[in-house]
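Please report on the model below.

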Amino acid sequence: MNLVLPLATHIRIDDVAWFDGRDRRYFGRPSSTGMPRFHHPLDVRVVNEIGKALNTHIHCNLVIGEWDIKNRLRGVPHMTWDEAGWDAKGTLDKKLAEACFAELESSEFIDYGLHGLMHGYYVDGKQKTEAHHYPFAREYERGEAASPALPIEEFELLVDLFFKIMDDWGFKKPVTAFGSPNGSYGMPSDDFNIAMARVIYKRGIRSWKYGWPKVDRIDTCGGVACMTSVEMAPWNAYDIDPALHAFTFADPSVRRCPDICTHWPNFLRYNPENNLERVEAWKDYFLRITSPFGMMLARDVTEAASQTFYSKYASVETVDGGYRIGLDAVDTVDSELVGKEFYVSLKGGEKPVRCEGGSISLHEKRADHTVYRIARSEGAASVRLFI
């Protein structure tokens, strides 16, 4: 068939907002970003510039514990390696933090996500695991690994502290997405995940990314869209030359997902002054890897979720003179992110001459296909394209 509803993918960057990038696991502390230096305001700016070049908002999962200027984490179990003596206020480089804050808040193409406080779960002064939201890993249970979730009260406290620290600084941009450190365990239908989804839903978060290996593209959990992910590169790889990096959805071994999982160092140079040199190369890279027929780059996480729901649930059939796209199943999805616009891709030289049930406009041309945007008419249960 020459018509498909492409799967929209967007760019997610984990571990943004650490100051000390060094991997300190060898003495019980976090791996941070794995960048062997302290971070710099230019590390934020390059992310915004890549988004600007692509005209897409990049979702940055924030780790905010080092920003704790009121020492809110002092005395809170399992949040830090120094429960009694925690003193981020006394150790923070305020000038550096203020410069990074200015870059984050002024960035037009960076959206915020909730990742964690100090990323890990700490016991007796040492990090037990970096999977903070699922810290109770057991070797085997009925032949499968098991990682029960935090008690929901502790998870809710973690989320509250995250937002209080952001409020202490005066962050204004909303937190729109959530990503569990080191992945998500279980299925969106599991009770413990539904309980977590209800906590973040109350905070205005409508998408949950990282993991979900058994989910087909996207699912829902308590009204939150659970989006599958694929890793672009090792978490601590820095100084990547995008012109040489081969990751692409054209490779059938690469799972097509609505979320390209990256990590902050992937876009950084050892000398931060050189960060901006590869902005255009990163633009070319992301356009290249989302160019296969059946893929597209979304403008933000909301569009990625909406279009992925359409690509999963809409039906497409060939009819006389063109195609009919059925939308009944899309309209049953339990997510506020499903919008009234969606995209179709046409190849083989076919062009739409008329659209019933909506209006159609050109979105972008690719080497072997063209992507069109369709705005549904009010109440339309299907759209018909005449070719």
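Predicted model: local features only at pLDDT ≥ 70, side-chain atom pairs only at ≥ 80, totals over all residues.

Gly 321 takes a positive phi near 85 degrees in the hairpin of S16 and S17, which has 2 residues between the strands. Strands here are DSSP runs of E with at least two residues, helices are runs of H or I with at least four, and both are numbered from the N terminus. Two strands count as paired if DSSP finds at least two bridges between them. S16 and strand S17 (residues 322-326) run antiparallel and are joined by 5 bridges.

Residues are numbered from 1 along each chain as its sequence is written, and side-chain values use heavy atoms, with hydrogens and water left out.

S19 pairs with strand S22 (residues 382-386) in the antiparallel sense over 3 bridges. There, Arg 354 has Phe 386 in S22 as its bridge partner.

Arg 354 also takes part in a salt bridge, with Glu 356. A salt bridge is a side-chain nitrogen of Lys or Arg within 4 Å of a carboxyl oxygen of Asp or Glu. The whole structure holds 25 of these salt bridges.

| Salt bridge | N to O distance |
|---|---|
| Asp 43 – Arg 37 | 2.9 Å |
| Lys 209 – Asp 259 | 3.7 Å |
| Glu 356 – Arg 354 | 2.8 Å |

Lys 209 lies in strand S10 (residues 207-209) and Asp 259 in strand S14 (residues 259-263), so this pair ties together parts 50 residues apart in sequence. How are these pairs placed relative to solvent, buried or exposed? Buried means under 20% relative accessible area, exposed over 50%, and partly exposed in between, with a 1.4 Å probe and protein chains only. Lys 209 is buried, at 0%. Asp 259 is buried too, at 0%. Asp 43 and Arg 37 are also buried. Glu 356 is partly exposed at 38%, and Arg 354 is partly exposed at 43%. Lys 209 and Asp 259 also join Arg 12 and Asp 14 in a network of salt bridges.

Helix H3 (residues 94-106) has 13 residues. From first to last C-alpha the helix reaches 18 Å, close to the 18 Å expected at 1.5 Å a residue. That expected span is 1.5 Å times one less than the number of residues. Buried residues of H3 include Leu 96, Ala 97, Cys 100, Phe 101 and Leu 104. Their cover includes strand S2 (7-16), helix H1 (41-54), strand S4 (110-116) and helix H4 (152-169).

The protein chain has 7 helices and 22 strands. Of its 387 residues, 57% count as buried. Contact means heavy atoms within 4.5 Å. Residues 24 or more positions apart account for 73% of the contacts with a separation of 6 or more. The C-alpha atoms fill a box of roughly 75 × 50 × 40 Å along the principal axes.
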